[in-house]
Amino acid sequence: MNWLTYQQAAEYTGWSVPYLRNLVSAGQIPVYGRPRVRRFRRDMLDSFLTDPDAAMRKFRLERANGN
């Protein structure tokens with residue numbers, strides 16, 4: 001599994017770090033870890049870029065199941 005930092009995820013998506021932080025704060029993008037040690041999964045970013053609604057459903061289901 002490829003884990004990305006804020007900077008790496010911003011470069012990967014073409015967004016700015018502040019924009020990515022806003023998405024995280026609003027709960028609109030899959031992100032893992034505790035505050036200040038957040039990481040993004042590349043496969044979930046790919047899914048999010050393709051279909052944000054489906055990616056968020058999968059992310060919420062993972063969290064509900066403890067994965």
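I started with threonine 13, which is buried, its relative accessible area being 15%. I had to bear in mind that this is a predicted model. I placed threonine 13 in helix H1.

Next I looked for polar partners of its side chain. A polar atom of the threonine 13 side chain sits 3.3 Å from the backbone oxygen of alanine 10. For the backbone nitrogen of tryptophan 15, I also noted 3.3 Å to a polar atom of that side chain. Setting aside neighbours within four places in sequence, I found threonine 13 in contact with Leu45 and Leu49.

**Alanine 10**

Alanine 10 is in helix H1. Not counting residues up to four places away in sequence, alanine 10 touches Trp15, Ser16, Val17 and Leu20. I also checked the C-alpha to C-alpha distance from alanine 10 to alanine 26 and got 16 Å, for a separation of 16 residues in sequence.

**Leucine 45 and the core**

I then followed Leu45. Apart from neighbours within four places in sequence, leucine 45 contacts Leu4, Ala9, Tyr12, Thr13, Ile29 and Phe40. I looked up the largest nonpolar core, which has 18 residues. Leu45 is listed among those with the most contacts inside this core, along with Tyr6, Ala9, Leu20, Val24, Ile29 and Phe40. Helices H1 (6-13), H2 (17-25), H3 (42-50) and H4 (52-64) are the elements that give two or more residues to this core. Its largest share, four residues, is from H2.

**H3 against H4**

How do H3 and H4 pack, and at what angle? I read an angle of about 140°, with the axes 5 Å apart. That makes H3 oblique to H4. On the H3 side I listed Met44, Ser47, Phe48 and Thr50, and on the H4 side Pro52, Ala55, Met56, Lys58, Phe59 and Glu62. I sorted the residues of this contact into six nonpolar, two polar and two charged.

**Arginine 36**

My last stop was a backbone angle. Most residues other than glycine have a negative phi. Arginine 36 is not a glycine, yet I found a positive phi of about 75° there. Arginine 36 lies in the loop between H2 and strand S2 (40-41). Arginine 36 is exposed, at a relative accessible area of 85%.

Definitions and conventions:
Residues numbered from 1 in each chain as written. Predicted model: local features only at pLDDT ≥ 70, side-chain atom pairs only at ≥ 80, totals over all residues. Heavy atoms only, no water. Core = buried A, V, L, I, M, F, W, Y, C linked by side-chain atoms within 4.5 Å. Buried < 20%, exposed > 50% of the residue type's maximum accessible area, 1.4 Å probe, protein only. Contact = heavy atoms within 4.5 Å. Axes fitted to C-alpha atoms, helices over the stretch in contact; angles between N-to-C directions. Parallel < 35°, antiparallel > 145°, perpendicular 65-115°, else oblique. Nonpolar A, V, L, I, M, F, W, Y, C, P; charged D, E, K, R; others polar. Polar contact = N/O pair within 3.5 Å; in protein donor to acceptor, adjacent residues only side chain to side chain.
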